[in-house]
Amino acid sequence: MRFRTRITITYSILVLFLAFIFGIAYYNYNSKVYVKNEYNNLKIKTVEISQKFEETIKPMLFISEYLLSDAEVLNAIFTLARVGPDSVLKSNYISEAEDNISLKLNSYYIIKNFHRVLVYNSFGNVLASNNYANNIINTDIKLEDLKW
């Protein structure tokens with residue numbers, strides 16, 4: 001083999017080797033940059049999703065605070081929580097408490113801003129706003145039977 005051919009082959013191998021090394025370095029650098037960009041994109045998306053979730057939950061917090069800030073509703077909820085439906089006397093307390101809560105649930109503010117607001121407890125008392133005409137809820141279902 002002639003000297004010129006050996007030098008050409010040696011330089012070709014050296015150039016291929018250097019190109020291979022630079023290719024691996026470039027690939028590693030780009031993959032790190034890609035992972036970093038994707039991590040930042042996911043971080044931004046997570047913040048957006050959490051903000052949307054908080055905006056979804058915010059009306060529920062407002063309506064809960066609105067109902068619990070009314071002393072009559074709060075007393076009625078305590079009455080329903082303390083009094084079980086055992087006797088006639090207790091059923092009078094229960095119906096009065098349910099009437100107080102229903103009155104507040106069917107106020108203009110709640111009907112205008114919410115499709116339905118439910119108040120229920122472990123004794124099976126279920127009260128709802130917008131509970132008339134075609135929107136009547138089934139109060140015979142036990143809470144334990146519901147999948148959620």
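Author: Start with Y109, which has 35% relative accessibility and counts as partly exposed. This is a predicted model, where local features need pLDDT of at least 70 and side-chain atom pairs count only at pLDDT 80 or more, while totals for chains, interfaces and linings use all residues. Residues are numbered from 1 along each chain as its sequence is written, and side-chain values use heavy atoms, with hydrogens and water left out.

Reader: Why is Y109 called partly exposed?

Author: Buried means under 20% relative accessible area, exposed means over 50%, and partly exposed is what lies in between, with a 1.4 Å probe and protein chains only. The 35% of Y109 falls between those limits, so the residue is partly exposed.

Reader: What makes the rings of Y109 and F114 an edge-to-face pair?

Author: A pair of aromatic rings is described by the distance of the centres and the angle of the planes. Rings of Phe, Tyr and Trp (its six-membered ring) pair if their centres lie within 6.5 Å; planes under 30 degrees apart count as stacked, over 60 as edge-to-face and the rest as tilted. The centres of Y109 and F114 are 6.3 Å apart and their planes stand at 70°, so the pair is edge-to-face. F114 has a relative accessible area of 17%, and is therefore buried.

Reader: How many aromatic pairs does a search of the whole structure find?

Author: The search finds two. In the other, the rings of Y66 and Y109 have centres 4.8 Å apart and planes at 50°, so this pair is tilted. Y66 in helix α1 and Y109 in helix α4 (residues 108–113) are 43 residues apart, and their pair links distant parts of the chain. Y66 is partly exposed because its relative accessibility is 27%. Through these ring pairs Y66, Y109 and F114 form a cluster.

Reader: What counts as a helix or a strand here?

Author: Helices (H or I, at least four residues) and strands (E, at least two) are DSSP runs, numbered from the N terminus. The protein chain has four helices and two strands, in the order α-α-α-α-β-β from the N terminus on.

Reader: How do you know that D70 and K104 form a salt bridge?

Author: A salt bridge is a side-chain nitrogen of Lys or Arg within 4 Å of a carboxyl oxygen of Asp or Glu. The closest N and O atoms of D70 and K104 are 3.3 Å apart, so the pair qualifies. D70 lies in the loop between α1 and α2 (71–82) and K104 lies in helix α3, so the bridge ties together parts that are 34 residues apart in sequence. D70 is buried at 19% relative accessibility, whereas K104, at 22%, is partly exposed.

Reader: How many salt bridges does the structure hold?

Author: It holds three. K45 forms one with E48, at 3.8 Å between the closest N and O atoms; K58 forms one with E55, at 3.2 Å. K45 and E48 are three residues apart in helix α1, and so are separated by about one helical turn. K58 and E55 are likewise three residues apart in helix α1, about one helical turn. K45 is partly exposed at 48%, and E55 is partly exposed at 49%.

Reader: What does the side chain of S107 reach?

Author: It reaches the backbone oxygen of K104 at 3.0 Å. S107 lies in the loop between α3 (88–105) and α4, and its relative accessible area of 16% makes it buried.

Reader: Which residues touch the most other members of the largest nonpolar core?

Author: L67, I101, L105 and V117 do, in a core of 15 residues. A nonpolar core is a set of buried Ala, Val, Leu, Ile, Met, Phe, Trp, Tyr and Cys residues joined through side-chain atoms within 4.5 Å. Helices α1, α2 and α3 each supply at least two residues of this core, and α3 gives the most, with four.

Reader: Why is F20 called exposed?

Author: F20 has a relative accessible area of 53%, over the 50% limit, so the residue is exposed. F20 lies in helix α1 (residues 3–68).

Methods: Polar contact = N/O pair within 3.5 Å; in protein donor to acceptor, adjacent residues only side chain to side chain.
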